[in-house]
Amino acid sequence: MLRLRQIHQIISEDYRRATLDACLLSFDPRGAARVWTKARLRDVAPPLVAGMAVDEMVFMLTVAMEIEEPIQEYSRENGEGFRLLLPELGRFMGKNRDEAASAELLGLPWCESPWCAEERRHATTFARIVERLSGSAPPRANPNRPRVVTPRREDAIRLLLSREAAEWNSSSTYVVMAAHATGELHTLLRNVARDEIKHLAILSAVDLLLFGRGPWRRFTRLVRQSLNEFRGQRKVRTGGRRMGSNRRTAFEVVFAHLAAEWRVRRWMRTLDRARLSELFGREAAA
Ligand SMILES: [Fe+2]
Ligand SMILES: [Fe+2]
């Protein structure tokens, strides 16, 4: 059963202007992870899946878990990639090569930035939900491999576009999953979706800062990037069904992407580039 009404409701709540503003203003490379709404994992059970076969939910969770898993490597990619272009963003999203090496030497946590702390809990949460819904823990072997990047400007731009598209795709997909969940399962999925919405808000603001206003140009870039990722992901799935094979879910996911983008676009119109420049410390990069 399609749950477009529920998807619309979540999006109008979580992508409203005040929420996106708060997401952006919470940008602090030295800050802590976003606080989650409390939910009890042990109360998650198959009857909480609504309007979707439990198998389909488990499939979506497993794909999401596999995509989320290589986050440690991504943090290094981000830290190194944004090192020169936007150092504060690099710090927010990871560690550069030198920072990672000295952390390793001192036995410090690999990455304690807010983005890392937020992303790190996603794969684990999905894995635990899969276990509750299917009765067995999913294998954590991962077919995804991050790319190697350098701090060159072209690499940083490419990295930004791929991260921005990834946050758009993950937030929209998790909104669909939350729309098919009730009770504790809904709360957990909503927590993850809200982390991704925060990341999307921050990266959309960075997009505006670097490329200026051009909503259709941005949309085309995001769609192109997402389609590339989607084709790549279809090839690297560990097995079983292909992504997008359930037409109803695919329709809902596309609907969520468009509804989210419409809201983000409206919000971006209210942003001021001079203030963004201050927020992301662009001067430091010049
Ligand atoms: Fe994530
Ligand atoms: Fe994210």
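Along the sequence, the protein follows the pattern α-α-α-α-α-α-α-α-α-α-α-α-α. It contains 13 helices and 0 strands, where helices (H or I, at least four residues) and strands (E, at least two) are DSSP runs numbered from the N terminus. The model is predicted, so local features need pLDDT of at least 70 and side-chain atom pairs count only at pLDDT 80 or more, while totals for chains, interfaces and linings use all residues. Residues are numbered from 1 along each chain as its sequence is written, and chains are lettered from A and ligands numbered from 1 in the order in which they are written.

The C-alpha trace spans about 55 × 45 × 35 Å along its principal axes. Of the 286 residues, 41% count as buried, that is, with 20 or more other C-beta atoms within 10 Å of their own C-beta, placed from the backbone. Among contacts with a separation of 6 or more, 79% are between residues 24 or more positions apart; a contact requires C-beta atoms, placed from the backbone, within 7 Å.

Helix α1 (residues 4-14) and helix α11 (residues 247-268) have axes that come within 10 Å and cross at roughly 25 degrees. Axes are lines fitted to C-alpha atoms, for helices over the stretch in contact, and angles run from 0 to 180 degrees between N-to-C directions. α1 and α11 are therefore roughly parallel, a class for angles under 35 degrees. On the α1 side the contact is made by Leu 4, Ile 7, His 8 and Ile 11, and on the α11 side by Glu 252, Phe 255, Ala 256, Ala 259, Ala 260 and Arg 263. These residues divide into 7 nonpolar, 1 polar and 2 charged, with Ala, Val, Leu, Ile, Met, Phe, Trp, Tyr, Cys and Pro counted as nonpolar, Asp, Glu, Lys and Arg as charged, and the others, Gly among them, as polar.

Helix α8 (residues 153-179) packs with α11 at an angle of about 120 degrees, the axes being 8 Å apart. α8 and α11 are therefore oblique to each other, the class left after roughly parallel, roughly antiparallel (over 145 degrees) and roughly perpendicular (65 to 115). Trp 168, Ser 171, Ser 172, Thr 173, Val 175 and Val 176 of α8 meet Thr 249, Glu 252, Val 253, Ala 256, His 257 and Ala 260 of α11. This contact comprises 6 nonpolar, 5 polar and 1 charged residues.

Note on methods. Contact = placed C-beta atoms within 7 Å. Buried ≥ 20, exposed ≤ 12 C-beta atoms within 10 Å, placed from the backbone.
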